[in-house]
Amino acid sequence: MISVHRLSPFWITLGLVAAGYLGFWFAMLAATATYTSPGEVMEVLLSREIRYATLLSLVTCTASALLSVAVAVPVGYLMSRRRFPGHAIVDAALDIPIVLPPMVVGICLLIFFQTRAGGLIEQAIPLTYTVGGVIVAQFVIAAAFAIRTMRNVFDHLSPRPEQVALTLGATPAQAFCHVTLPAARGGIFAAASVAWARSLGEFGPILVFAGATRMKTEVLPTSVWLAWSVGELEQGVAVSLLMIAISMIVLVAVKMTGERV
Amino acid sequence: MIRLEYISWAPPGKGRATILDGVSFEIPSASYAVLMGRTGSGKTTLLEILCGLRAPSSGTVWIDAREVTSFPPGERGIGYVPQDGALFPTLTVREQIGFGLRMRGVPAAEIEPRVLEAAKGVGVSALLDRLPPGLSGGERQRVALARALVVKPSVLLLDEPLASVDEETQDDLMDLLQRTQREHRITVLHVTHSRREAEGLGEMQLHLGGGRVLAKTTAA
């Protein structure tokens, strides 16, 4: 790490760029925070609907983050360690949810669950316009970010220790579980936090696939949209401030825990 | 004994240059051979083929009268020490050394004495509870050596094991490698680009270049 006592114009410039970016963000947050009064904020946040939306957001984000990591670890490892015909195409396909407009993902989900295959899944686990649908809508996009994170993590871990493990009699699965996975635990934490944060902000696919029914499939971003659409700006601002607070608390906690892992 | 017969390897894809082009040689049992060659000459690729980590495009690999070309790495009877030791980042020295024994299903009661014996043999008995980040370059190589030897391989494959340590540590490790080879009566193939290591250690020197063994010399 470079000492702060040896500041050159180069580092000062970089610091100014960072400060400018953060300053812009803080200015926006400050403007949002002062748009309404603390009393109004508390009144909105303590309402039954918003408490439900908050709880549903926390539960669904955690579920989709766990699902995302469960998929991202094996897929990221496969894409990092193996080259196979069509590898580049698969790699690009995994990024589709990242570049696709979120609303389109919701439409694709809705159409898929109208097909015969989707109908069979739906019979076993009803997803369209349910809490399960909220999790699926969040997962489809969050998993793509988690996979990208895990792939980078495995790319930065040398394959040599795994190879040594193989020469010592480990199977590829044992080498992965005993050598690579423990070394990647910080990265797994990072992937989970990225997936969680992404899920918290997800809106488009949830609105299309799971709907925005109060006390049923309403999560915090839908609360903001519902409030905004009927002109209740104070309520939208209060929920937005709550989302900012939750994001900050969770991301800082995850980062601090991740650094200790 | 190590015997390679007409080993060739080229990266997959059309028009890629051949790295190994019909490499053949034999290293007698319980001898110390050094494989030399410039950077990019295919030394590490050849070692990976011997380990079973990379399949040759053609040719056969023999270890102790067994044709092992299609054997998985763990069934070839080899010990492998890569350049930086490649220690397992989250395991203690004790767990590193015992890893191969655990993977081979050795009873737990037998593992600890064998770990202690292997650690003593390479001089790392005092480091058993340490993790890799707390070890020096020389200590890492000693641990990697103990980890490879504890499963009693008949062949030891060393990929530039002294490249990342200072000259004094190199001398200590060279003594250790020679002593280990004699005590265990093991066949060693040591890859290096250092003439000093080759002259100090090798009973047999092989020079790799242009994808082939260019020269083979045996110490008098």
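In chain B, helix α3(B) meets helix α4(B) through B:A118, B:A119, B:G121 and B:V122 on the α3(B) side, and through B:R142, B:L145, B:A146 and B:L149 on the α4(B) side. Sorted by type, the residues of this contact come out as six nonpolar, one polar and one charged. Keep in mind that this is a predicted model. Here's the rest, by topic.

**How the two helices sit**

- α3 of chain B covers residues 108–122 and α4 of chain B covers residues 137–149.
- Their axes are 9 Å apart, and the helices pack at an angle of about 135 degrees.
- Angles over 145 degrees would count as roughly antiparallel and 65 to 115 as roughly perpendicular, so α3(B) and α4(B) end up oblique to each other.
- Where α3(B) passes α4(B), the crossing is right-handed.

**Where chain B touches chain A**

- How many residues does each chain bring to the contact? Chain B puts in 17 residues and chain A puts in 15 residues.
- On the chain B side, the elements that give two or more residues are β6 (78–81) and α2 (93–103).
- α2(B) has the largest share of that side, with three residues.
- By type, the chain B side that touches chain A splits into 13 nonpolar residues, three polar and one charged.

**Domains of chain A**

- Chain A is split into domain 1, residues 1–34, and domain 2, residues 37–260.
- Going by C-alpha centres, domain 1 of chain A and domain 2 of chain A lie 29 Å apart.

Notes: Residues numbered from 1 in each chain as written. Chains lettered and ligands numbered in written order. Predicted model: local features only at pLDDT ≥ 70, side-chain atom pairs only at ≥ 80, totals over all residues. Axes fitted to C-alpha atoms, helices over the stretch in contact; angles between N-to-C directions. Helix = DSSP H or I, 4+ residues; strand = E, 2+ residues; numbered from the N terminus. Parallel < 35°, antiparallel > 145°, perpendicular 65-115°, else oblique. Left-handed = near helix turned anticlockwise from the far one by under 90°. Contact = placed C-beta atoms within 7 Å. Nonpolar A, V, L, I, M, F, W, Y, C, P; charged D, E, K, R; others polar. Domains from an automatic or database assignment.
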